[in-house]
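Here is a friendly briefing to read with the model open beside you.

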Amino acid sequence: MLDWEQRELDAAVVDIFGFHALQIGLPQCEFLRASRIPLRQTVGERVGKYAANVVCDLNALPFAAHSTDLAVLPHVLEFSDDPHLILREIERILIPEGQVVIIGFNPLSLWGMQRRFRRGGDFPWNGAYLSLNRLKDWLRLLGFEIDRGTLGCYAPPLTQEKWLRRWHFMENAGSRWWSFSGGVYILRAIKRTCGMRLITPKWRAQTIAAKALRPAVQKKSYDRG
């Protein structure tokens, strides 16, 4: 799964340019390795073995408004108590036309079915998976435009390698026959900002009223004789 996510992330961020990029969550993975943006930082919630550049509360990111060109969220929303608040923070820090790339588990998949049987267990089964339709609705409400998306990991979430090899045929068949049921999705969206345009009078289009001409008064001369 991580190999598939890494390949897709490399393709998703390589053509995004700017000055500041953030990876929020999973600091142990280098999801910004293919990015050409010079300043790349990882953000995490706690200090651990894989230290992030910035440790903070994800519901209150310590970045100025309109200061970030790209934000990558790998499996953050489904394990957050308030995913919509995190998205509002992302909208706040992104510049106009900035982009966000979201990785999430698809509830309409074999992975989603496995979560129902193992709810309350360890990662990744202890999250609240968000459907693609709900996520797209949230993004549109915040002023984002969906740019592209892809799904993968169609095979069952098995741990033994021999069973993974037997079910590997589903990876090729899934994208062709049941593309909606991939275990993991990657969604890319662009922040759209409505601009303000000053409307000025059309000075050149206005015609100057012609002055009314009055007939000149002719003075009569009288001869005195």
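In this predicted model, Val43 is in contact (heavy atoms within 4.5 Å) with Leu22, Gln23, Ile24, Gly25, Ala52, Val54, Cys56, Leu58, Leu61 and Phe63, leaving aside its neighbours within four places in sequence. Val43 is also among the residues with the most contacts inside the largest nonpolar core. Local features need pLDDT of at least 70 and side-chain atom pairs count only at pLDDT 80 or more, while totals for chains, interfaces and linings use all residues. Residues are numbered from 1 along each chain as its sequence is written, and side-chain values use heavy atoms, with hydrogens and water left out.

**Nonpolar cores**

- A nonpolar core here is a set of buried Ala, Val, Leu, Ile, Met, Phe, Trp, Tyr and Cys residues joined through side-chain atoms within 4.5 Å; buried means under 20% relative accessible area, exposed over 50%, and partly exposed in between (1.4 Å probe, protein chains only).
- The largest core has 29 residues, and Val43, Leu61, Leu73, Ile90 and Val100 have the most contacts inside it.
- Two or more residues of this core come from each of strand E1 (20-24), E4, helix H2 (83-93), E5, helix H4 (132-141) and E7.
- A second, separate core has 21 residues, including Leu26, Ile103, Trp111 and Cys153.

**The sheet**

- Helices (H or I, at least four residues) and strands (E, at least two) are DSSP runs, numbered from the N terminus, and two strands pair if DSSP finds at least two bridges between them.
- Seven strands make up an open sheet with mixed pairing, in the order E3-E2-E1-E4-E5-E7-E6.
- Strand E3 (54-55) and strand E6 (144-152) stand at the edges with a single partner strand each, so one side of each has no neighbour in the sheet.
- E1 and strand E2 (residues 39-44) run parallel and are joined by five bridges; in this pair, Ala21 stands opposite Arg40 in E2.
- E2 also pairs with E3 in the parallel sense, over two bridges, and here Gly44 stands opposite Val55 in E3.
- Strand E5 (residues 94-105) and strand E7 (residues 184-191) run antiparallel, with seven bridges between them; the bridge partner of Phe105 is Val184 in E7.
- Helix H1 (residues 2-13) lies across strand E4 (68-74), E5, E6 and E7, and runs at about 20 degrees to E7. Axes are lines fitted to C-alpha atoms, for helices over the stretch in contact, and angles run from 0 to 180 degrees between N-to-C directions.

- Met1 is in the segment before H1 and is partly exposed, at a relative accessible area of 32%.
- Not counting residues up to four places away in sequence, Met1 touches His75, Phe105, Trp111, Cys153 and Val184.
- Met1 and Gly152 are 151 residues apart along the chain, and their C-alpha atoms are separated by 8.4 Å.
- Thr193 sits in the segment after E7 and is partly exposed, with a relative accessible area of 44%.
- Thr193 is in contact with Pro96 and Glu97, leaving aside its neighbours within four places in sequence; the C-alpha atoms of Thr193 and Glu97 are separated by 7.3 Å, although the two are 96 residues apart along the chain.
- His75 lies in the loop between E4 and H2, is buried with a relative accessible area of 7%, and has a positive phi of about 55 degrees although it is not a glycine.
- His66, in the loop between E3 and E4, has a positive phi of about 55 degrees although it is not a glycine.

**Cysteines**

- A disulfide is a pair of cysteine sulfur atoms within 2.5 Å, and a search of the whole structure finds zero of them.
- Cys56 counts as buried at 13% relative accessibility, and Cys153 is buried with a relative accessible area of 8%.

**The chain as a whole**

- The chain has six helices and seven strands, and from the N terminus on its elements run α-β-β-β-β-α-β-α-α-β-α-α-β.
- Of its 225 residues, 40% count as buried.
- Among contacts between residues at least 6 apart in sequence, 68% join residues at least 24 apart.
- The chain exposes about 14,900 Å² (Shrake-Rupley method, 1.4 Å probe; for residues, only the protein chains shown count as cover), and carbon and sulfur atoms supply 53% of it.
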